[in-house]
Amino acid sequence: MSGLLDIPWAAWCLLLPLFAAVASLLTGPRLASRLAPLFALATVLATAGVVVRVLQSGPFRHAVGGWGAPLGIDFHVDGFSALMLAMTAVVAAVITVYARAYFSNDHGSGSGAYFWPLWFFLWGGLHALFLTADIFNFYVTLEVVSLSAVALVALSGTPTGVVASMRYLLTALTGSLFYLLGVGLLYAQYGVLDMDLLRGVVEVNPATWAAYVCILLGLLIKTALFPLHVWLPPAHSSAPAPVSAALSALVIKGSFYILLRFHFDLLPHEMLVASSVLLGALGMTAVIWGSLQALRQPRLKLIVAYSTVAQIGYLFLLFPLCFALAEPGDLWPTKAWAGGIYHALSHAFAKASLFLAAGAVLQAAGGDTLVHLRGLGERRPVIATALALASISIMGLPPSGGFVGKWLLLVAALHAGQWWWVVGILLGGLLAAAYSFRFLRELFRPAPENLVLHEEPRMLGYTALALALFTLLLGLAALIPFNLLSQGAPFPPNAFLEAL
Amino acid sequence: MNQAEIYLAAALGIMLIGLYGLFTQPHLLRKLIALNLFGSGIFLVYVAVARRIAGETPDPVPHAMVLTGIVISVSATALGLVLARRVKTLTGGTELPPPVEPEP
């Protein structure tokens with residue numbers, strides 16, 4: 001067993017997708033599509049190796065190439081990064097299986113031809129992002145992720161898709177450049193880039209503030225927090241379905257992860273009190289605004305995309321609960337932190353499932369307006385069940401992962417005595433139910449007599465359903481992710497256990 | 001004003017010109033050039049940072065970071081130019097149409 005633990009799994013779980021990307025480029029789409037499940041499986045196994053190692057022996061560092069910080073760029077893996085890696089690997093592997101079926105009618109001429117290399121670069125970029133311990137390397141990984149994501153959005157080839165992709169590129173680049181400026185200002189003062197080294201020397205002064213503002217602005221643009229979300233709905237809704245799923249489920253979590261690293265592992269507490277209230281208020285506004293927009297959308301994919309704007313808002317509620325009004329020894333910051341991350345995790349599964357199901361609807365019914373959904377519950381029960389189960393998690397109803405995350409945030413807000421977040425969380429849940437029932441109601445209406453459906457690959461429905469079932473599993477077996485999350489958490493371990 | 005301060009002032013100026021262009025120029029080519037200006041300003045900050053202590057050998061790490069940044073910005077610009085051409089072919093215009101709020 002110790003032999004298995006000695007393998008540098010962290011390096012493999014980055015190398016395998018990058019290798020797959022280059023291999024897909026060289027072999028062409030047909031062979032790439034055949035090999036993709038193998039690469040996906042290998043990546044999942046390598047990631048499982050990382051997770052097991054963290055569970056057994058706690059957080060670890062890996063000096064890439066034997067160099068080590070400050071000159072080299074280290075990997076640092078704790079429970080949080082391992083959980084994000086596991087989330088990415090599982091969701092991306094299911095999307096890989098889906099994408100093979102989705103592009104199966106496309107004989108190497110259309111968008112499927114370019115999908116595989118870009119897809120594996122995106123996947124590898126995300127893994128690199130969750131592994132790295134270096135704030136400049138965060139910039140590099142953000143760009144690997146963004147550039148492949150932009151190109152993947154453009155694969156749809158439609159005018160809407162290409163325009164959305166162009167807007168996404170301009171926004172994403174602006175965000176990364178602001179982040180890069182912030183990193184430069186930090187380096188100017190402290191001369192180090194490694195997170196552990198930086199944490200020891202960082203001070204509160206105007207230059208650190210300037211760096212913080214730049215980094216925050218850059219990452220908020222990338223995470224699409226209201227009011228910086230305008231680029232997201234067109235990009236996420238016009239991309240091919242597997243791409244939409246990856247963007248909404250995984251890509252925005254990348255910049256959110258960096259944001260959490262800066263707030264919990266790097267910057268001094270007293271800098272974050274005021275900004276955390278602002279972040280919470282913007283998050284709350286995003287929940288309400290995104291949900292109201294989702295209520296007005298005519299197409300399933302647009303409803304789901306605006307739902308992402310709303311669900312991103314929830315993630316930001318953890319900031320005021322962790323930094324404002326909390327004394328050392330309080331338990332609710334631990335709850336809020338774990339709740340926010342759990343929400344990010346279950347949103348990934350639920351949102352990916354919704355977008356995959358929407359893609360299946362598009363292929364079966366030839367469109368995704370609400371009228372196209374009518375009667376699908378009867379004729380395509382697998383797709384309809386996936387949509388229904390994933391919506392349960394988005395609404396935050398038990399027994400789903402979405403419920404656990406929102407419940408922890410709710411309890412934290414009650415303990416903190418910040419009741420206004422409670423109102424927002426509950427209102428957001430009601431609004432999510434309202435926009436979800438808009439499409440669920442159509443699904444379970446009797447099928448029109450003249451309803452003609454295309455034969456879509458059955459795998460599309462099954463993979464969407466698999467992810468939806470996973471959201472239920474996250475609600476029923478929440479202790480395993482929490483156990484992982486407590487490894488190297490920025491809270492004392494006993495606070496973590498008591499909080500749950 | 002020492003050398004580093006002159007560099008930093010120039011960097012700030014270039015960044016502001018870039019940002020101004022990005023938000024005011026509708027033509028996609030101009031937007032891409034503006035983004036590159038903004039990026040160059042940031043690279044100049046890194047260059048200025050390398051000579052923090054006058055007289056000593058410059059720190060090579062910021063130079064390595066700027067080189068990485070240049071590689072990324074060249075690739076991003078190339079992708080941007082391809083997309084801008086696609087936008088022109090598909091919509092006939094060289095500007096982004098305003099984001100449409102879909103009618104319910």
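# A walk through the helices and loops

Let's start in the loop between α9 and α10 of chain A, which is where A:A224 sits. Helices here are DSSP runs of H or I with at least four residues, strands are runs of E with at least two, and both are numbered from the N terminus. This is a predicted model, in which local features need pLDDT of at least 70 and side-chain atom pairs count only at pLDDT 80 or more, while totals for chains, interfaces and linings use all residues. Residues are numbered from 1 along each chain as its sequence is written, chains are lettered from A and ligands numbered from 1 in the order in which they are written, and side-chain values use heavy atoms, with hydrogens and water left out.

Back to A:A224. Its phi is positive, about 60 degrees, although the residue is not a glycine. A:A224 is buried, at a relative accessible area of 0%. "Buried" means under 20% relative accessible area, "exposed" means over 50%, and "partly exposed" is in between (1.4 Å probe, protein chains only).

The loop between α9 (206–223) and α10 (232–238) of chain A also holds A:F226, and A:P227 is placed in the loop between α9 and α10 too. The peptide bond running from A:F226 to A:P227 is cis, with omega near 0 degrees. With a relative accessible area of 18%, A:F226 counts as buried. What does A:F226 touch, not counting residues up to four places away in sequence? Its partners are A:L282, A:T285, A:A286 and A:W289, where contact means heavy atoms within 4.5 Å. From A:F226 to A:P333 it is 107 residues in sequence and 23 Å in space, C-alpha to C-alpha.

For another cis peptide bond, look at A:P398 and A:P399, where omega is about -5 degrees. A:P399 belongs to the loop between α17 (381–395) and α18 (401–416) of chain A.

Now for the nonpolar core, meaning a set of buried Ala, Val, Leu, Ile, Met, Phe, Trp, Tyr and Cys residues joined through side-chain atoms within 4.5 Å. The largest one has 229 residues, and A:I135, A:Y179 and A:W337 touch the most other members. Helix α15 (residues 332–365) of chain A gives this core its largest share, 20 residues. As for A:Y179, its contacts beyond four places in sequence include A:I135, A:F138, A:C214 and A:F262.

Helix α15(A) also packs against helix α4 (residues 79–102) of chain A: the axes come within 11 Å and cross at roughly 5 degrees. Axes are lines fitted to C-alpha atoms, for helices over the stretch in contact, and angles run from 0 to 180 degrees between N-to-C directions. The pair α4(A) and α15(A) is therefore roughly parallel. For the labels, angles under 35 degrees are roughly parallel, over 145 roughly antiparallel, 65 to 115 roughly perpendicular and the rest oblique. Among the residues that meet here are A:F80, A:M87 and A:Y98 from α4(A), and A:W337, A:F349 and A:Q363 from α15(A). By class, the contact of α4(A) with α15(A) has 19 nonpolar, two polar and no charged residues. Ala, Val, Leu, Ile, Met, Phe, Trp, Tyr, Cys and Pro count as nonpolar, Asp, Glu, Lys and Arg as charged, and the others, Gly among them, as polar.

Next, chain B. Helix α6 (residues 135–154) of chain A packs with helix α3 (residues 60–91) of chain B at an angle of about 10 degrees, their axes 11 Å apart, and α6(A) and α3(B) are therefore roughly parallel. The residues that meet include A:F136, A:E143 and A:L147 in α6(A), and B:M65, B:I72 and B:L79 in α3(B). This contact of α6(A) with α3(B) divides into 12 nonpolar, three polar and one charged residues.

Beyond four places in sequence, A:T174 is in contact with B:L22, B:L35 and B:F38. A:T174 is buried at 7% relative accessible area, and a polar atom of its side chain lies 2.6 Å from the backbone oxygen of A:L170.

Finally, A:T463 sits in helix α20 (residues 458–476) of chain A and counts as buried at 5% relative accessibility. A polar atom of the A:T463 side chain lies 3.0 Å from the backbone oxygen of A:L460. Not counting residues up to four places away in sequence, A:T463 touches A:V94, A:V97 and A:Y98.

Conventions
A polar contact is a pair of N or O atoms within 3.5 Å; within protein, one must be able to donate a hydrogen and the other to accept it, and residues adjacent in sequence count only if both atoms are side-chain atoms.
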